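Please have a look at the structure first, and then we can walk through it together.

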Amino acid sequence: MKFLGGGGGIYIMPEKVIAPLGDKQIIIETGKLAKQADGAVTVQLGETIVVVAAVAATKAKPGQEFFPLTVDYREKAAAAGKFPGGYFKREGRPTEKEILTCRLVDRPIRPLFPKGWYNEVQVQSIVLSADGENDPDMLALVGASAALMVSDIPWAGPIGAVRVGRIKGQFVANPTHVEMADSDLDLVYVGNETDMVMYEGSAKEISDADFNAALKFGQDAIQPVIAAQKDLAARVGKAKRQITLNVVPEEILKEAKALAGDRIVAALLTPGKLDREGAVAAITVEVGKKLVEKFGAEKVTEFVLKDAFYYIQKESVRGLIMNQGKRLDGRDFETVRPIVSEVGLLPRAHGSAMFQRGETQAITLVTLGTGEDAQEFDSYTGGATEKKFILHYNFPNFSVGETGRISGPGRREIGHGALAERSLEPMVPLDTYPYSIRVTSEIMESNGSSSMASVCGGCLALMDAGVPMTRPVGGVSIGLCTEHDAQDKITEYKLLTDIIGWEDAFCDMDCKIAGTEKGITGFQLDLKLRVRRRASPGCMCWRRWPRRWPSRARRSASMPRASRR
């Protein structure tokens, strides 16, 4: 990095790195734009350019008890030489594509921040140039990693990202929109130098063997991008800032474990989600009072008590699975909860169904319309501008026994709906079917993978409406629980079929797979395995720390932070 003085200011000469990606190149540059951000880069593929800037607050807000990360991604009409639609001729609320890209960036970067660090962080991406051929979403993800790498923000990267297509049997890295029209696979793959971090996408009934080969292709393809980021950080990266972590004092955690004793295991094995939560909450309240008596209210805050019981429950749940072969609801590792389904239950819908798996229940409705009912939208970055098949997912507070703000669909609801939509769409003959189709999934009850319940219920409702599905589609969630040695290598693992909410919260994986008897149509994976590096002295980062706290009404010490599924 070169500094040029004069004129009362300092100009930093830009630095750039180039990473080969198949027959293309990704160019990452820093030092030219957004220099007052803690870290900023531009990422270019073809003539598509995205600027990504990362900023972290210098201190946490008073009383802050969670990690406030905000990821934002925006596509500008001017980047494609277009005017925005609408009366005001200005971009407004984020589109569904922008929201899904925000989630795509958020999910893999969030777990790599230090646990116990609560300074607000914002990662913002803006599309500055769109050539209509190369999708900027992968560039935003690479840019987020690179911006954090060159900043002073503590973060355990880098990661790489690639979209993998398969055209005439050959895998292609970051295919263009035209190439994707001939692809039977749309896989977004994110990983680090040695491991997978996240994937999601859809396929036209891809086989298990071919899907595994696609994952291997993705892992190999991202290595030059990761190497380029490390090179750039070595040249221009700032020293990481010193931070203070907010963690539970060891003596309080030890005393809490002793006071809870074996009763926590008995409470966790209580049948029924709400009864289980109530049993754990009762122990939490009792132990909390005793901890306050011993250590004082100034040390045993609500945050300390919640975090202490999170660890106690996590340790107990994993111990039951790994040491005793028990799951919280009494099932073995391969059993799916009882399934109940019904079709034709709503008289005015074109098709309707109820699908229930254990304590997860979805009501799905299908509405058929003409071609004029297809969804039209602006597309500044290329790709489709119309949808004939739409799936909307709604998750009301009462589905998990909560109260809270009632508003329009949030990012999670849009993301879950998109997963169910892409899982069903390959089996809907849109090329020959004359009608537009809207599926709505209303979650009535939730304790584990309501998105996969939406897939199953949506398929039933589509068949009830007379839509000529190529083949029926089903979906299920798979979990993972592991043990590690001193070098953090996995020594033993258990796969869990059809996980419930607390198994997602306390174990190591949430993998959703949908498909037919012939092959896979939809998939999404988040991992929570430990990474083999430390973001800052004394702080182990995780691949996925729970993305949200429970709503205000449920912020009891017994409630795990990733319970809403």
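Let's start with two residues, R107 and D526: both are buried, where buried means under 20% relative accessible area, exposed means over 50%, and partly exposed lies in between (1.4 Å probe, protein chains only). Their side chains meet in a salt bridge with an N to O distance of 3.2 Å; the term stands for a side-chain nitrogen of Lys or Arg within 4 Å of a carboxyl oxygen of Asp or Glu.

A word on the ground rules: this is a predicted model, in which local features need pLDDT of at least 70 and side-chain atom pairs count only at pLDDT 80 or more, while totals for chains, interfaces and linings use all residues. Residues are numbered from 1 along each chain as its sequence is written, and side-chain values use heavy atoms, with hydrogens and water left out.

**Salt bridges**

- The structure holds 40 salt bridges.
- R166 pairs with D184 in another salt bridge, and their closest N and O atoms are 2.8 Å apart.
- That pair also links distant parts of the chain: R166 sits in strand β9 (residues 160-167) and D184 in the loop between α3 (177-180) and β11 (185-191), 18 residues apart.
- R166 is buried, at 12% relative accessible area, whereas D184 is partly exposed at 24%.
- R471 forms a salt bridge with E205, with 2.7 Å between the closest N and O atoms.
- R471 lies in the loop between α11 (450-464) and β20 (474-484) and E205 in strand β12 (residues 196-206), so this pair ties together parts that are 266 residues apart in sequence.
- Here R471 is partly exposed, with a relative accessible area of 23%, and E205 is buried at 12%.
- Through shared partners, salt bridges join D329, R331, R337, R357 and D498 into one network.

**Nonpolar cores**

- The largest nonpolar core has 113 residues; such a core is a set of buried Ala, Val, Leu, Ile, Met, Phe, Trp, Tyr and Cys residues joined through side-chain atoms within 4.5 Å.
- The residues with the most contacts inside this core are I28, V41, I109, F113, V123 and L187.
- Leaving aside neighbours within four places in sequence, I109 is in contact with L69, V71, V123, A144, L148, W155 and I159, contact meaning heavy atoms within 4.5 Å.
- A second, separate core of 23 residues includes A353, V439, V455 and C459.
- As background, nonpolar side chains tend to be buried together in soluble globular proteins.

**Cysteines**

- The count of disulfides comes to zero, a disulfide being a pair of cysteine sulfur atoms within 2.5 Å.
- C456 counts as buried at 12% relative accessibility, and C459 counts as buried at 2%.

**A lysine in a loop**

- K489 is found in the loop between β20 and β21 (490-497).
- With 49% relative accessibility, K489 counts as partly exposed.
- Not counting residues up to four places away in sequence, K489 touches E483 and H484.

Conventions
Helix = DSSP H or I, 4+ residues; strand = E, 2+ residues; numbered from the N terminus.
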